[in-house]
Amino acid sequence: MARKKIVFVIVEGPSDDTALGVLLSKIYDKDTVYVHIWRGDITSDNKVNASNIISKIGNAVKSYARSQHFTNKHFAEIIHIVDMDGAYIPNDHILKDENLEKNVYGLTMIKTVDPDAIIQRNERKRSNINKLCGCKEIWSIPYRVYYMSSNLDHVLYGKLNSTDEEKENDAYQFAKKYSKNIEGFLKYIIESDFSVMGEYKESWDFIKQGLHSLERYTNLGIELGKINERVSEVK
């Protein structure tokens, strides 16, 4: 592996890893790139804020590097995939429902037992994401953050409010479907109605507007398109 460059991919949970881990590994040239998946919902962590989020991510990368006796020179890039969770919607679209056991996400609102907690989370998440959008490198490694809205299940399977069991089952089926059809996977992410393509900054400006952070969108296709172009050039 020493001659390979590492692409450090940050996802939020285990089902995200199941759905995307194998597929991302297949996009790159396996002889020159190793894809490492790291799990963690950093942007929603109540111990993380705009003043320390860059260092938190850097520490995660450095910890992995130390465990493998690597330096930052061994890394090609850091790709961070975040769920939007409706972080940018107006507060009046966060509705109280005392009968709920867990938060319910729709295309125009979030229903919750505790609106104040969601409002605080959204404020923290917005601050963190705004910081990351302007970050170009961490530990001298190129860095980009991409979104799934309102979360990965919504984008990949068109589902909201899935249980953990449903998430894992859908992720497995998705990976199985596309593991031998990488071109189909790329087309799905790059050319679907939910694909926000074009300039990186403009894609972020779009998702922050109105209710878009609850609606079904992703800008991950911007990154996958670049990878596909580079691989095609090598071939």
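How much space lies in the largest pocket? In this predicted model, the answer is about 540 Å³.

**View 1. Lining of the largest pocket.** The largest pocket is lined by 22 residues, and those closest to its centre are Asp83, Asp85, Asn151, Asp153 and Lys167. By class, the lining has 11 charged, seven polar and four nonpolar residues. Helices H1, H3, H4 and H5 (164–178) each contribute at least two residues to the lining.

View 2. Asp85 is placed in the loop between strands E3 and E4. Its phi is near 55 degrees, which is a positive value in a residue other than glycine. Most residues other than glycine have a negative phi. Asp85 is buried because its relative accessible area is 11%, under the 20% limit for that class. The side chain of Asp85 meets that of Lys125 in a salt bridge, with 2.7 Å from N to O. The pair links distant parts of the chain: Lys125 is in helix H3 (residues 115–133), Asp85 is in the loop between strand E3 (75–83) and strand E4 (94–96), and the two are 40 residues apart. Lys125 has a relative accessible area of 0%, so this residue is buried.

**View 3. Ser150 and its cis peptide bond.** The peptide bond from Ser149 to Ser150 is cis, with omega near -5 degrees. Most peptide bonds are trans. Ser150 lies in the loop that runs between strand E8 (141–149) and helix H4 (152–157). Is Ser150 buried or exposed? Its relative accessibility is 1%, so Ser150 counts as buried. Leaving out residues up to four places away in sequence, Ser150 touches Asp83, Met84, Asp85, Gly86, Leu160, Ser213, Leu214 and Glu215.

**View 4. Asp17 and Arg39.** Side chains of opposite charge can pair when their charged atoms come close. Here a salt bridge joins the side chains of Asp17 and Arg39, at 3.2 Å from N to O. Asp17 belongs to helix H1 (residues 14–27) and Arg39 to strand E2 (residues 33–39), so the pair links distant parts of the chain, 22 residues apart. Arg39 counts as partly exposed because its relative accessibility is 46%.

**View 5. Glu223 and Lys226 in helix H8.** Lys226 forms a salt bridge with Glu223, and their closest N and O atoms are 3.5 Å apart. Both residues lie in helix H8 (residues 220–234), three residues apart, which is about one turn of the helix. Elsewhere, salt bridges that share partners join Glu12, Asp85 and Lys125 into one network. The count of salt bridges in the model comes to eight.

**View 6. Leu156 in the largest nonpolar core.** In soluble globular proteins, nonpolar side chains tend to be buried together. The largest nonpolar core has 64 residues, of which Leu156 and Trp204 touch the most other members. Not counting residues up to four places away in sequence, the contacts of Leu156 are Ala19, Leu20, Met148, Phe174, Tyr188, Ile189 and Arg216. A second, separate core has eight residues, among them Ile89, Tyr105, Ile110 and Ile119.

**View 7. Phe206 in helix H7.** Phe206 is located in helix H7 (residues 200–207). At 24% relative accessibility, Phe206 counts as partly exposed. Neighbours within four places in sequence aside, Phe206 is in contact with Tyr147, Val196, His212 and Tyr217. Val196 is 10 residues away from Phe206 along the chain, and their C-alpha atoms are separated by 8.4 Å.

**View 8. Trp139 between strands E7 and E8.** Trp139 sits in the loop between strand E7 (137–138) and E8. Although Trp139 is not a glycine, its phi is positive, at about 55 degrees. Trp139 is partly exposed because its relative accessible area is 28%.

Technical notes: Residues are numbered from 1 along each chain as its sequence is written. This is a predicted model: local features need pLDDT of at least 70, side-chain atom pairs count only at pLDDT 80 or more; totals for chains, interfaces and linings use all residues. Side-chain values use heavy atoms; hydrogens and water are left out. Helices (H or I, at least four residues) and strands (E, at least two) are DSSP runs, numbered from the N terminus. Buried means under 20% relative accessible area, exposed over 50%, partly exposed in between (1.4 Å probe, protein chains only). Contact means heavy atoms within 4.5 Å. A nonpolar core is a set of buried Ala, Val, Leu, Ile, Met, Phe, Trp, Tyr and Cys residues joined through side-chain atoms within 4.5 Å. A salt bridge is a side-chain nitrogen of Lys or Arg within 4 Å of a carboxyl oxygen of Asp or Glu. On a 1 Å grid over the protein atoms alone, a cavity is a set of points where a 1.4 Å probe fits but cannot get out, and a pocket is an open set with protein on both sides within 12 Å along at least five of seven lines; lining residues have an atom within 4 Å of a point. Grid points are joined across faces, edges and corners, and a volume is the space filled by probe spheres set on the points. Ala, Val, Leu, Ile, Met, Phe, Trp, Tyr, Cys and Pro count as nonpolar, Asp, Glu, Lys and Arg as charged, and the others, Gly among them, as polar.
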